[in-house]
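Here is a short briefing for a first look. Keep the structure in view while reading.

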Amino acid sequence: MRKAMYALGRGLLFLTALLFAIVFLMPTVLTITNSFMSGTEIAANYGVVFSSLSNTTTYISDQVNLKFIPDQVSFSQYATALLKSPDYLLKFWNSVILVVPIVIFQVAVAAFAAYSFTCYRGKMKEALFFFYIILMLMPYQVTLVPNYLVAEWTHLLNTRWAIILPGIFAPFSVFLLTKFMRRIPVSLIEAAKLDGAGDWKIFTRICLPMCRSALYSIVILVFIDYWNMVEQPIVLLSDAEKQPLSVFLSQINSGEVGLAFAVATIYMVPTLLLFLHGEDYLVEGITYSGSVKG
Amino acid sequence: MDTKEALRGKRRGWIKNAAIIFLAIMLVLTFFSNTIMNRSLPEVATQYVSSGTISAKIRGSGTVTANSAYEVKVKENRVIKTVAVRKGDTVEVGDVLFILEEGESTGLQELRDQLDDAKYNYRLLLLSSPYINTSSDSREIERLKEKVEEAIEERDLSYVTDAQIASAESDVTDKEIAAETAANQIEDLDEKIAELNEQLAGLSGGTVNADLSAEQKALDAAARELNSKKTELQTANLIYGRAYEKLSEIAATWEIEYHPEYSLEARMAGYARMNPGAGLDGITYSEAYEKITDAKVALEAAQIAYNDAQTAYYNRLAELGASSMESAQASSLKAQLETLEEQKKAAEKEKKNADKALEEANALLETLKTKKENYKMLDDAVKAAEDALEDKLISVQESQHSTTVEKTKFDLDVEKAKKQIDELQEKIDKYEEGEGGDTINAPVAGTVTAINISAGSTTDYDVSLMTIEENDRGYMLSFSVTNEQAQKVKIGDSADVTGYYWGSDIKATLAAITNDPAGAGQSKLLNFVVEGDVSAGDQLNLAISQKSANYELIVPNSAVRSDANGYFVLTVQTKNSPLGNRYVATRVDVQVLASDDTNTAVSGSLVSYDYVITTSSAPLTPGQLVRLVEN
């Protein structure tokens, strides 16, 4: 009886999980399948959603028609995005130009900062770390206005540095890496010191290899975070030609719905590849598992 | 564990490669993005806005007409049989325009009837004169009246129309042709008959002996001889066979104990040589062999004799065949000859009939001509009788010396009736003057521009049947322009002829500016004198230059476009982008001030040296990205 109840419970749990999985996956699947629809079909299916934006256009269907299977598979949206309009490619490279330096330098800064918070002793250390935590807890919108003011003051407004510099010094990765580095046994570092290793050797030969999974996690999380940023470019980059592709995806209009599906599908490829590459480390890093070996 | 790590490593490697490929593709696409996009953009040619002079041209088209037009009219009522020309045809003087039905003008006939009625009424009026009261006068008048009637009757009997004479003449011509044809036919037949007679004479006249019996007999004898020789050969073969068999039996064991190596043939030959007397039924083997050889020779000789006999037979047969063919040909020729003789007889008969008919037709024509000549004389006699009657009536009337009102009234009536007769006579004379033959010919040379009557219709007296424009009197062309345009040209200006490929060296000069009847005061007619290689009815396009003027903004004609909102030009606006310059077609509304063949003067928000789009490789809409043409 108990066994049957347990099986039933497991079954219900599985169904609930499946339901959630379907709900969460549906937008992604919809994006990918709809990117293969022609502009006419997209307009017929979703045109009414955008009818408020354009008063002159009349749409065939007066309700949204969520469809997963195209009437006729068409690559026209991809052809438009990749071949006919250099703007989208330019915006893609804008995203890359903004995100890659942020990820590299943020990880570097976080690594150094985390080592400092872990290995050095001082009165200000804890206070400074607490300040980092406070900063991390603040919503991004709170710091957006000071960011804007500082950028204007430093004449960096409407330049990529206005995005890259705050990104490099973001507190989240410092916090995560510090927490991870503190789990490295002190005895290990002391043993290295006894063996005559300096700080640079300890940092590069002990700390960084042991934090590899955490570094991977940080790379993936930071990449996803900044690859999808919308508010910062809108506020800090007034020049549309410098804005990343994520901004375009947030500003689609009725004529570009099909194009947005195709661009979104292309846009999710780098994230997906990065995630698949570091999937194991991401889980490991987040769960703090396997911190010390042997 | 190691395997799991290896799998992970492999997967990471695969994903790394995928990422590299993805980024490489994106890079390549970015590199070529401008090129690919430019390929899909419409290519445009541009020209800058300039200032200068515009010499506008007035254009118009019209039909060339001749300066002088001749109306073809007839003074008779005749039925049109055929219209011999078509509109646009060029005719020379004397060319046939219409062929008329045979017969007299119906109008003339009617007039003659009217004249007869008028004369009759006139005589009645005179007879009803209140002054005729003596019986002697009455008798005299009656006698004169009868004389008039007799004269009229006699004259009417001789009345012959021109058409009747023409018909009789035509009949005579037909009969002459028929007689001539018959004579020619007879001549032809004579020639053919002579030819056939010659052919007949050429054929071998001797009869061929149809007897084949001698050859047949020889052939039969040869055949019999051949058969007997065949039988003899068969008998000899049989004897020889039996002798051979016997010999082979005997010789099989001959001297076998001494010469076992000898073959059967050798033994047989040896035995025969050693025993020349041995044989079968008294015939030795060699005799049998000789016999068979002789029989073969005899058979060959018989065969040769038979072949010769057969050849002789066939030769004879061929001779006979040729002879029979010739006789068949001769009989066929004879039959043809007979037919021709019959035909000749028929033709001779026909000729006789034709000659007779010709004589009759000639006689009829002569009679008609005589009647026509007599008619005039008889008509004069009628007139003389009528005059006599009239004189008598008038003399009786005047002898009364009465001055009553009734007399005056009677005189007026007589005068009126006389006047009517005179008028009718005058009309008839006019008709008779206009009376022509059976065709209406062109009085002038020119081009037929209008035909007002069709075949089967009747002509009206003095009404235009056809218009002929006389080519040697020059040509005119006119078209309508606005009053403003008319003010910008002057008489004597020459115009260019455009789009006319059929003639060369055409000169058009403005001769007059007149009011346009269809223009309600808003337009004028420009009248040009056209000289050169044109003809009436040609459609010409003319362009005459206006006075020129200076303008600030001049663009090529091809740059000016129009839609429901009016005229506009598309200018090229340059936009800088990280991937290079982009060119956008931008609409600028303009007003057209003047234009010539190549340029248009405009006003609008344009500045000098703006680039305007003149041509494009695809239809353009304002705001569209374009590609500049590569020089």
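A salt bridge here is a side-chain nitrogen of Lys or Arg within 4 Å of a carboxyl oxygen of Asp or Glu. Asp87(A) forms such a bridge with Arg582(B), and their closest N and O atoms are 3.6 Å apart. The model is a predicted one. The points below take the chain interface, then the domains of each chain, then a pair of helices.

**Salt bridges**

- Over all chains, the count comes to 19 salt bridges.
- Across the interface of chain B and chain A, the rule finds 2 salt bridges.
- Glu232(B) forms a salt bridge with Lys229(B). Their closest N and O atoms lie 3.9 Å apart.
- Both Glu232(B) and Lys229(B) sit in helix H5 of chain B, which covers residues 213-251. They are 3 residues apart, about one turn of the helix.

**Where chain B meets chain A**

- On the chain B side, 22 residues are in contact with 19 residues of chain A.
- The two chains bury about 2,000 Å² between them. Carbon and sulfur atoms account for 71% of that area.

**Domains of chain A**

- Chain A is divided into domain 1 (2-79) and domain 2 (80-287).
- The C-alpha centres of domain 1 and domain 2 of chain A lie 31 Å apart.
- Contact between the domains of chain A involves 15 residues of domain 1 and 17 residues of domain 2.
- The area buried between domain 1 and domain 2 of chain A is about 1,300 Å². Carbon and sulfur atoms give 72% of it.
- The count between these two domains of chain A is 0 salt bridges.

**Domains of chain B**

- The domain assignment of chain B gives domain 1 (1-40), domain 2 (43-56 + 549-628) and domain 3 (63-73 + 445-450 + 465-545).
- The C-alpha centres of domain 1 and domain 2 of chain B lie 46 Å apart.
- In chain B, 5 residues of domain 1 are in contact with 4 residues of domain 2.
- Domain 1 and domain 2 of chain B bury about 420 Å² between them, 45% of it on carbon and sulfur atoms.
- In domain 1 of chain B, Asn34(B), Met37(B) and Asn38(B) lose the most area to domain 2 of chain B. Together they make up 73% of what that side buries.
- Across the interface of domain 1 and domain 2 of chain B, the rule finds 0 salt bridges.

**A helix pair in chain A**

- Helix H4 (residues 86-119) and helix H10 (residues 199-210) of chain A have axes that come within 12 Å. The axes cross at roughly 105 degrees.
- H4(A) is therefore roughly perpendicular to H10(A), as angles of 65 to 115 degrees count as roughly perpendicular.
- H4(A) brings Ala111(A), Phe112(A) and Tyr115(A) to the contact. H10(A) brings Asp199(A), Trp200(A), Ile202(A), Phe203(A), Cys207(A) and Leu208(A).

Methods:
Residues numbered from 1 in each chain as written. Chains lettered and ligands numbered in written order. Predicted model: local features only at pLDDT ≥ 70, side-chain atom pairs only at ≥ 80, totals over all residues. Heavy atoms only, no water. Axes fitted to C-alpha atoms, helices over the stretch in contact; angles between N-to-C directions. Helix = DSSP H or I, 4+ residues; strand = E, 2+ residues; numbered from the N terminus. Parallel < 35°, antiparallel > 145°, perpendicular 65-115°, else oblique. Contact = heavy atoms within 4.5 Å. Domains from an automatic or database assignment. Buried area = accessible area lost by both parts, 1.4 Å probe.
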